[in-house]
Amino acid sequence: MGLIFGKKKQVSRITEQDKAVLQLKQQRDKLKQYHKRIGICLEKDREVAKKLLNNGQRERAKLLLRKKRYQEQLLQRTENQLENLEKMTHDIEFAQIEIQVVNGLKRGNEALKKLNDALSIEDVERILDETREGIEKQQEIDSLLSGVLTSEDEDAVLSELDSLIAESLPEVPSEDKMDVNLPELPEVPSEPMKGSLYKITLEIYLVLYFSEKKPVKKVPEQVALEA
Amino acid sequence: MADVNIDWPWQYSFPPFFSLQPHTETRSKQIAAWKTLILEYFKASKQSTLDIHEATNLPVFNNTAINRKLNTAALLTILNELQNSGNAAPTDKQKNIWEIYWHTLEEWGNIIYTYIMNIGATNSVLTIYELTQGDDVQNEEFYGLDSNVFIKILKALETQGKCEVMLFDDQQGVKFF
């Protein structure tokens, strides 16, 4: 990579605009330095003025403050100039970016044009035609090949396919499997239970009798007799 | 810059440290210790240049507490060692003025280039002043770095194609790519 870059380096990648930006930034740096210097000066002057006042030298302090005031104005002005410079450099940098964008668009446009040139409508039509021909040919071959099988064979193939599909599907639960026979439950007596044990047993027997007739057929009679 | 705050190694208060030892193994250890000490000192004091005739003015080469100084010949030997590891270079043929790089130029190059990438300043022009003295770089390690050293770092970066140094008249700038 170094080699490639090394060779490329012969062509400087620095443009005239870059030089201009550098000059502006350099100017800005100088202004910043100046700004700093005045700032320090102001601070010092303030200190000195304070000292003079303490010593009772009012006039000199006033003079100093006047100087300070002037320098403050200078400071203000340098700030404005700094702003201007910064604006200018930003403008230049932005313009450079805009140029790059336009260049990019231009190149993209050219590429697109070239691509479009490479793809003429006739070509597309021709290719589509050829494809169609190809498909037709394929179908012809298909029919020729499948022609070897009789229609019965075809049916067999289809039915096998169906059965394969049926196997691959999950089983649907059938209706009759769904309702499981639940044994009927005895009814809950609506009234609180009273009376002797035999009455209850009788009731149980009766219930059982009605639900499953056979095994307890004789029992109610016995109970009744006992009662 | 006499009041540089660094952790002085124990050797610094050890008188034999200030004269080169004849025994090879001891000597190589001694020189290694000196190298670290010098780099540490220059890093802490943010200095980059060293005049070997003024060296004894620096506390690092002159421990007044134990009354020991490093003589010029020994200093030269150590500086040559530093040069071998890329941490120093003489600026004149007489080898009187040396530049000390507590990061080698390549390391510096990487640090600066990473910074440039981080702030997205590739493809724009920057001045050396704003990179070494500007308000934006106050927290960067290369803040306050000697501008001559800085330009050397940039030149090294230039050979990698990562930037191009612009030096016309009194203008010093760089464009990163």
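Predicted model: local features only at pLDDT ≥ 70, side-chain atom pairs only at ≥ 80, totals over all residues.
1. Residues are numbered from 1 along each chain as its sequence is written, chains are lettered from A and ligands numbered from 1 in the order in which they are written, and side-chain values use heavy atoms, with hydrogens and water left out.

2. Who takes part? Chain A brings 19 residues to the contact and chain B brings 20 residues, contact meaning heavy atoms within 4.5 Å.

3. Now the charged pairs. There are three salt bridges between chain A and chain B (a side-chain nitrogen of Lys or Arg within 4 Å of a carboxyl oxygen of Asp or Glu). One to look up is A:Lys25 with B:Glu130, whose closest N and O atoms are 3.9 Å apart.

4. On the side of chain A that touches chain B, α2 (16-54) and α3 (58-118) of chain A each supply at least two residues. The largest share, twelve residues, comes from α2(A). Helices are DSSP runs (H or I, at least four residues), numbered from the N terminus. By class, this side of chain A has four nonpolar, five polar and ten charged residues. Ala, Val, Leu, Ile, Met, Phe, Trp, Tyr, Cys and Pro count as nonpolar, Asp, Glu, Lys and Arg as charged, and the others, Gly among them, as polar.

5. Next, look inside chain B. Helix α3 (residues 105-119) and helix α5 (residues 147-159) of chain B pack at an angle of about 85°, their axes 9 Å apart. Axes are lines fitted to C-alpha atoms, for helices over the stretch in contact, and angles run from 0 to 180 degrees between N-to-C directions. So α3(B) is roughly perpendicular to α5(B), a label for 65 to 115 degrees. Among the residues in this contact are B:Trp108 and B:Ile112 of α3(B), and B:Phe150 and B:Leu157 of α5(B). The contact divides into seven nonpolar, one polar and one charged.

6. A second pair in chain B: helix α1 (residues 24-45) and helix α2 (residues 72-84) pack at about 75°, with axes 10 Å apart. These two are therefore roughly perpendicular as well.

Conventions. Parallel < 35°, antiparallel > 145°, perpendicular 65-115°, else oblique.
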